[in-house]
Amino acid sequence: GHSLSSATQPRAVVYNSGTQSVNDSTYTVLTFDSEDLDVGGMHSTVSNTSRLTIPTGCGGFYLVMGSVAYPGSAVGVRGARLQKNGATDLIYSQYFTASASVSTIIDIVWMGVLAATDYVECSAYQT
C-alpha cells in the first residue's frame, strides 16, 4: 500500500499570494503563484499555474481540496468547483445568501481516481 508519509508520494499545497478578480456570472479558473509544498512536480509557478497535474507513473486515488474566500457583500451567489482536464466537473458548491458583514468562504473536497497527466483546477463563481 501507499502512505502519505512516503517521501515520494506526489502531493502539493498551492495558493495565490494576492487577490484574483472573478468575472460576473461565469466560472473563473484560479491561478496559484505560490507553493507550500510540491512533491513530484505537480504544480508550476511559471506555466499553467492553475493546474495540479498527476505525474507520469503516479495515477491512483487522490484527495483534492479547494478553498475560495470572497469579501462581504449582501447580494449575489458565491461558488467554487473542482474540474478535471478543463472539462469534467468533479464537485461544486454554491451559496445563495451572501452577507455584507462577513466573508463567504467555500471549501470543497473530492476523492477519487486520477490518471497520470490528468490535471485538476479550482474555479470561482460569483454574481
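This is a predicted model: local features need pLDDT of at least 70, side-chain atom pairs count only at pLDDT 80 or more; totals for chains, interfaces and linings use all residues.
Two or more lining residues come from each of the strands β1 (11–15), β5 (60–70), β6 (78–84), β8 (104–114) and β9 (119–126), and β5 makes the greatest contribution, with eleven residues. When the lining of the largest pocket is divided by class, 29 residues are nonpolar, 17 are polar and three are charged.

The largest nonpolar core contains 21 residues, among which Val64, Val68, Leu82, Leu114 and Cys122 touch the most other members; β5, β6, β8 and β9 are the elements that each supply two or more residues to this core. Leu114, when residues up to four places away in sequence are not counted, touches Ile54, Gly59, Gly60, Tyr62, Val64, Lys84 and Val120.

Gln20 is located in the loop between β1 and β2 (28–29). Because its relative accessible area is 26%, Gln20 is classed as partly exposed, a category that lies between the limits of 20% for buried and 50% for exposed residues. Apart from neighbours within four places in sequence, Gln20 is in contact with Thr28, Val29, Leu30 and Thr31. The side chain of Gln20 approaches the backbone oxygen of Val29 at 3.0 Å, and a polar atom of this side chain also lies 3.0 Å from the backbone nitrogen of Thr31. Between Gln20 and Thr56, which are 36 residues apart in sequence, the C-alpha to C-alpha separation is 30 Å.

Note on methods
Residues are numbered from 1 along each chain as its sequence is written. Side-chain values use heavy atoms; hydrogens and water are left out. Helices (H or I, at least four residues) and strands (E, at least two) are DSSP runs, numbered from the N terminus. Ala, Val, Leu, Ile, Met, Phe, Trp, Tyr, Cys and Pro count as nonpolar, Asp, Glu, Lys and Arg as charged, and the others, Gly among them, as polar. A nonpolar core is a set of buried Ala, Val, Leu, Ile, Met, Phe, Trp, Tyr and Cys residues joined through side-chain atoms within 4.5 Å. Buried means under 20% relative accessible area, exposed over 50%, partly exposed in between (1.4 Å probe, protein chains only). Contact means heavy atoms within 4.5 Å. A polar contact is a pair of N or O atoms within 3.5 Å; within protein, one must be able to donate a hydrogen and the other to accept it, and residues adjacent in sequence count only if both atoms are side-chain atoms.
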